[in-house]
Amino acid sequence: MSQPSPENLPPELTDQLVSYLDGELDANQARRVEEALAADPRVRQEVWQLERSWQLLDELPRTEVDESFTRSTVEMIALRAEEDLVAVQEQIPQRKKRFGMVAAILLAVAAIAGFFTVNTIARRADEQLLSDLPIVENLDQYREIEDIEFLRTLQSRDFQATEVKRDR
């Protein structure tokens, strides 16, 4: 008869089993794990394997660490931190240069956009002024006229006179 295989257990359940064995689950979570243990032989097999692994780890001889090991470890960490710091400090000028280039590009784009916006607005104002120039030039004469019908009559006579000249 073969042993049930815990290989197909979801990793979350295995994590819960480890937490259960460490006594880290609350009452509801522990109850769910105990229900899974009662119902599934694969879960029981996984718990047995976990407990056996921890027992074997407990049987391993303890190694005492001397002061030189601690000192060398701390020195290695300090050396690594210093290397990381040097690497970061070497990147600072490059980052400043990139930031300056990006700022210059953004400033140039903003200047170009501002130039075209102002130029477009100014051009529209100039075009309006040019289209109104004949009216502005004759404004004093237009103020003398009190009735718009007079202008229409004048315009139609001027048009008819122009037509007569063309016919000749």
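Modeller: A salt bridge is counted when a side-chain nitrogen of Lys or Arg lies within 4 Å of a carboxyl oxygen of Asp or Glu. The model is predicted, so local features need pLDDT of at least 70 and side-chain atom pairs count only at pLDDT 80 or more, while totals for chains, interfaces and linings use all residues. Residues are numbered from 1 along each chain as its sequence is written, and side-chain values use heavy atoms, with hydrogens and water left out.

Over the whole structure, the search finds 4 salt bridges. Three of them are described here, among them the pair Asp84 and Arg80, whose closest N and O atoms are 3.6 Å apart. Both residues belong to helix H4, where they sit 4 residues apart, about one turn of the helix. Helices here are DSSP runs of H or I with at least four residues, strands are runs of E with at least two, and both are numbered from the N terminus. An α-helix has 3.6 residues a turn, so residues three or four places apart point the same way. Arg80 is exposed, at a relative accessible area of 52%, whereas Asp84 is partly exposed at 38%. Buried means under 20% relative accessible area, exposed means over 50%, and partly exposed is in between (1.4 Å probe, protein chains only).

Glu149 and Arg152 form another salt bridge, with 3.0 Å between the closest N and O atoms. They are 3 residues apart in helix H6 (residues 148–167), a separation of about one helical turn. Glu149 is partly exposed, with a relative accessible area of 42%, and Arg152 is also partly exposed, at 48%.

Asp40 is bridged to Arg42, again with the closest N and O atoms 3.0 Å apart. Arg42 has a relative accessible area of 28%, which makes it partly exposed.

Helix H2 (residues 27–39) has 13 residues and reaches 18 Å from its first C-alpha to its last, close to the expected 18 Å; the expected span is 1.5 Å times one less than the number of residues. Its buried residues are Ala30, Val33 and Leu37. These cover an arc of only 60° around the axis, which puts them on the same side of H2; the arc is that of the directions from the helix axis to the C-beta atoms. On the face turned away from that buried side are the exposed residues Ala38 and Ala39.

Phe116 is partly exposed, at 48%.

As for the protein overall, there are 6 helices and 0 strands. Buried residues make up 9% of its 168 residues. The accessible surface comes to about 14,900 Å², of which 57% belongs to carbon and sulfur atoms; areas come from the Shrake-Rupley method with a 1.4 Å probe, and for residues only the protein chains shown count as cover.
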